[in-house]
Amino acid sequence: MTSTARAPHQPRPGVRPVARARRAGPVALCLAVALMSAVGVWLTWWVFVAHYTGQRVDQVVFEGAELGRGRLWRLAEPVLDVVSVPYIAVVLLAAVLIATVRRRWELAVQVAVLMGGANLTTQVLKHVVLDRPDLGIAPGAANALPSGHTTAAASVSAALVFVVPPRARPWAAVLGAGYTSATGVSTLVGRWHRPSDVVAAVLVVLAWSALACALTATSRPPARWRGTGSADPTPSALSATGALVLAGGRARTTGRVLGGMLALAALAAAVPAGVALRQIWLAPDAPATRAELLTGYAGGALGVVAVSCAAFAVLLAIRDLAGRSGVPRV
């Protein structure tokens, strides 16, 4: 009686349908995050630029940045001086090089899509799509939403999250949240931008990052994972797979801890930011007092930190989920 043995590297029946099913959920989640981020950009503009009260709150923060600017600017100026077009190009080339060294060619494409799409979108939104109606708050002020400097910093940080190995990814997200926050707050200190400009920029980058994560989820798994669907895996293959699973488990544990810390940091900054900005929102329509300027300034800065930390917590979660969706079960 003859047996019908499969070829050594022939995938088991049902592996491809299962893989497609496992990818559908992460792809849908990534696309949902991208859509919500895009809606968030529009809502930020609609509330804080297109309407009188929102413009007034933004302007109070803008004027409050004049208080203590001399000392704070000495810290903020070096942060902003780093950001430039050559800087973006160098970081993009470095990210592509890291992806190439790791033999992850698809990551190079995803990073290019992320950085190019985010920075181009910011310029198109700022100069072509969105405008700033003159409502008597800041006559003659041109639209500055989203912030180009913050977009550059956030896209560079997001690219780092994509290209580093999984074990380093949580730390890259924490570093990215800190760098994006520092750049965003520095634009407030220098009175280059209002808080809404910075928040919109972070959301633009999150939208493109989510789209890049969707591409990750639909990509073929790394070469080290392919071939594990053979009918009779060798002991060495099982050992290598087990080591990878163990390392991945440790990385996911670290990711949960640091992702949770980013979420807590976002909440810790969001609560006082919301209280401060609510006070300015409900304040009488009159020239702001010094106390109101300080309150608005602190609220705007904390709001930038909250959104940056929340965005990178979300990015870390969906990047990890998208990266695992292509790994077949063994």
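Me: If buried means under 20% relative accessible area, what share of the 330 residues in the protein is buried?

Reply: The model is a predicted one, and its secondary structure comes to ten helices and zero strands. With the cut-off for burial set at under 20% relative accessible area, the buried part of the 330 residues amounts to 45%.

Me: Are helix 6 and helix 8 roughly parallel or roughly antiparallel to each other?

Reply: Two packed helices are described by the angle between their axes and by the distance between those axes. For helix 6 (residues 148–163) and helix 8 (residues 195–218), the axes lie 9 Å apart and the angle is about 25 degrees. Angles under 35 degrees count as roughly parallel, and the two helices are therefore roughly parallel.

Me: How many charged residues does the contact of helix 6 with helix 8 have?

Reply: The crossing of these two helices is right-handed. Helix 6 contributes Thr 150, Thr 151, Ala 154, Ser 155, Ala 158 and Phe 162, while the residues from helix 8 include Val 198, Ala 201, Val 202 and Cys 213. Sorted by class, the contact of helix 6 with helix 8 has nine nonpolar residues and five polar ones, and the number of charged residues is none.

Me: Which residue forms a salt bridge with Glu 66?

Reply: Side chains of opposite charge can pair when their charged atoms come close. The count of salt bridges comes to two. In the one with Glu 66, the closest N and O atoms are 3.0 Å apart, and the partner is Arg 191.

Me: How far apart in sequence are the parts that Glu 66 and Arg 191 tie together?

Reply: Glu 66 is partly exposed, at a relative accessible area of 40%, and Arg 191, at 26% relative accessibility, also counts as partly exposed. Arg 191 has a phi near 60 degrees, a positive value in a residue other than glycine. The salt bridge of Glu 66 with Arg 191 runs from the loop between helix 2 (52–64) and helix 3 (69–82) to the loop between helix 7 and helix 8, so the separation of the parts it ties together is 125 residues.

Me: In the salt bridge of Asp 320 with Arg 169, which residue counts as buried?

Reply: The closest N and O atoms of Asp 320 and Arg 169 are 4.0 Å apart, and the pair links distant parts of the chain, with Asp 320 in helix 10 (residues 290–325) and Arg 169 in helix 7, 151 residues apart. Asp 320 has a relative accessibility of 21% and so counts as partly exposed. At 7% relative accessibility, the residue that counts as buried is Arg 169.

Me: How far apart in space are Pro 170 and Phe 312, C-alpha to C-alpha?

Reply: Pro 170 has its place in helix 7 (residues 169–189) and is buried, because its relative accessible area is 1%. Pro 170 and Phe 312 are 142 residues apart in sequence, yet their C-alpha to C-alpha separation in space is 9.4 Å.

Me: Is Gln 59 buried or exposed?

Reply: Gln 59 lies in helix 2. Leaving aside residues up to four places away in sequence, Gln 59 touches Arg 132, Ile 137, Ala 138 and Arg 194. The relative accessibility of Gln 59 is 9%, so this residue counts as buried.

Me: What is the form of the peptide bond from Leu 145 to Pro 146?

Reply: Pro 146 is found in the loop between helix 5 (105–129) and helix 6. With omega near 0 degrees, the peptide bond from Leu 145 to Pro 146 is cis.

Notes:
Residues numbered from 1 in each chain as written. Predicted model: local features only at pLDDT ≥ 70, side-chain atom pairs only at ≥ 80, totals over all residues. Heavy atoms only, no water. Helix = DSSP H or I, 4+ residues; strand = E, 2+ residues; numbered from the N terminus. Buried < 20%, exposed > 50% of the residue type's maximum accessible area, 1.4 Å probe, protein only. Axes fitted to C-alpha atoms, helices over the stretch in contact; angles between N-to-C directions. Parallel < 35°, antiparallel > 145°, perpendicular 65-115°, else oblique. Left-handed = near helix turned anticlockwise from the far one by under 90°. Contact = heavy atoms within 4.5 Å. Nonpolar A, V, L, I, M, F, W, Y, C, P; charged D, E, K, R; others polar. Salt bridge = Lys/Arg side-chain N within 4 Å of Asp/Glu carboxyl O.
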